[in-house]
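Here are a few friendly notes to read beside the model. Take them one at a time and find each residue as you go.

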Amino acid sequence: MPPLRLASAVISSGCRTAKLLSVIRRLGVLGSSCPPPVRRNASPGLPPVGLPPYFPQRVPQSWHVLGSLRFFHATARASEGSTDFYAGEVLKVLKSIGENDGELGNALRQFEGVMDEDVVLKVLQKQRSNWQVALTFFNWAAELPGYAHGSRAYTEMLDILGRMKKGRHMRQTFDAIPEERHQVVVTNKMFSVLLNRYAGAHKVQEAIEMFYKRKDYGFEVDLVGFQILLMSLCRYKHVEEAEALFREKKDEFPHVIKSWNIILNGWCVKGSLRDAQRIWNEIIASKLRPDLFTYGTFINALTKDGRISAAVKLFNSMWEKGIYPDVAICNCIIDQLCFKKRIPEALEIFGEMNDRRCQADVATYNTLIKHLCKINRMEKVYELLDEMESKGCSPNNRTYSYILKMAKKPKDVIALMQRMEESGCKLDSDTYNLILNLYVSWKYEKGVQEVWDEMERSGSGPDQRSFTIMVHGLHSQGKLDEALQYYTTMKSRGMIPEPRTRILVKAIHMKNDGAAIEDQSPSTTRKKLKLDSQTRLFHVDE
């Protein structure tokens, strides 16, 4: 349907149903004398205006009705490709101009006709660490005719200012939201960002005041919002203030188990087991029933404090009370038992998991395989590996890395690499470097060359770690000139050597000719280096 006919259809339909005026008011085009309705907490992921996500947040001028060709062409032309292109061009201008308001306005004038919220959002996301430029661009875009910032752009800008601890600018930007746009722009997600950033800046009172400002914007001051406030305070170690507020407002916000869990987790994260124990005792003494999160949080705190026996006792009591631990709680217990070298007990709990409707995941198997490798129980390791594959729990690179570290000869590595390929597990740079380190230590030159070539072919390297392995490995074998060649190649590719590698290379120079100059040696100062086209390494040209 042509845009003009589509516009007419929209208008005629709106006249019949009276929905058009409602939509326009929500878009902020027309004012409303009625007080805003109370808004409840809802999923922040929904589009704020009720339009499809691909419609940019544009406000038409009063002389452009909804049926105007300009409005519909502007909304229809926005695509992902054009958004990325325009955002990239704007970023180039920002990089060259900086935060100068006068110059910025002139330089960005060419983008006035294509600016929408998607472009603004992408530009802001790329300027998160440069708040001055981000704010200057944001303010420039806000003045454009035919454009008004939507909820996503405002939320991103507020988050940038809050992250950079610019509380005054953050509050000014929030207060500057036009009143007629409150219904469209201000959301629960925005309030969550503000609470989180005030707590992160250790401005507890400002965070509490912002929570109660929800009423001014038509939102309920409800339990969900209060719990978000408590979580924000606890996240930044203001647990004492969060608990005091939690108790002070008990008549306003009932003490449900989720709120108790937030305070309990706050003390656990802060590392105060004494206070965590106090909160746990209060929960048990109350009429509330602890849930999985309550148990998991306290068990994790006990294990971190080294009280593994108490954690196991609490874990076992869950089964007795008919509360089935999830895989995260089981993994926590198994990991700490293995760490304390109580592997038989860990294997016992692992064996009970399947019987008690708790399916082990790859983290469970990796923990057991890791610690079994340390005590050289390779038969049990391969038994677990077979069990993983048979149950559809695919081993990952970490699984194979633990086993590779126990390899004794090249054929063991080759067999594992074949098994990885069969299971669909692709080697990453860490695994390649592990194999490279094994081959270098075994002086298996053919294998070293094959791994090096495969890294280049797959794009997984060689990286700085690969060159470091070669430099140190060749040095340990007395091949000093070859070690220097790899070091020279590493630096020629722009990689920064580790401090220990710099010290090693300086020692090689001093040993060769007494020179304490890091990047020079007899092989690089007195002789020319030639780049080998196959290995991409520098070799001494005799």
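1. Let's start with N397, which is found in helix α23, residues 397-404 (helices are DSSP runs of H or I, at least four residues, numbered from the N terminus). N397 is buried, at a relative accessible area of 15% (buried means under 20%, exposed over 50%, partly exposed in between, with a 1.4 Å probe and protein chains only). Leaving aside neighbours within four places in sequence, N397 is in contact with M420, C425, K426, L427, D428 and T431 (contact means heavy atoms within 4.5 Å).

2. A word on the source: this is a predicted model, where local features need pLDDT of at least 70 and side-chain atom pairs count only at pLDDT 80 or more, while totals for chains, interfaces and linings use all residues. Residues are numbered from 1 along each chain as its sequence is written, and side-chain values use heavy atoms, leaving out hydrogens and water.

3. How many salt bridges does a search of the whole structure find? The search finds 26 (a side-chain nitrogen of Lys or Arg within 4 Å of a carboxyl oxygen of Asp or Glu). One of them pairs D84 with K122, with the closest N and O atoms 3.2 Å apart. D84 lies in helix α4 and K122 in helix α6, so this pair ties together parts 38 residues apart in sequence.

4. Now look at helix α16 (residues 273-285), where R278 and E282 lie 4 residues apart, about one turn of the helix. Their salt bridge has its closest N and O atoms 3.8 Å apart. R278 is partly exposed at 31%, and E282 is partly exposed at 28%.

Note on methods. Helices (H or I, at least four residues) and strands (E, at least two) are DSSP runs, numbered from the N terminus.
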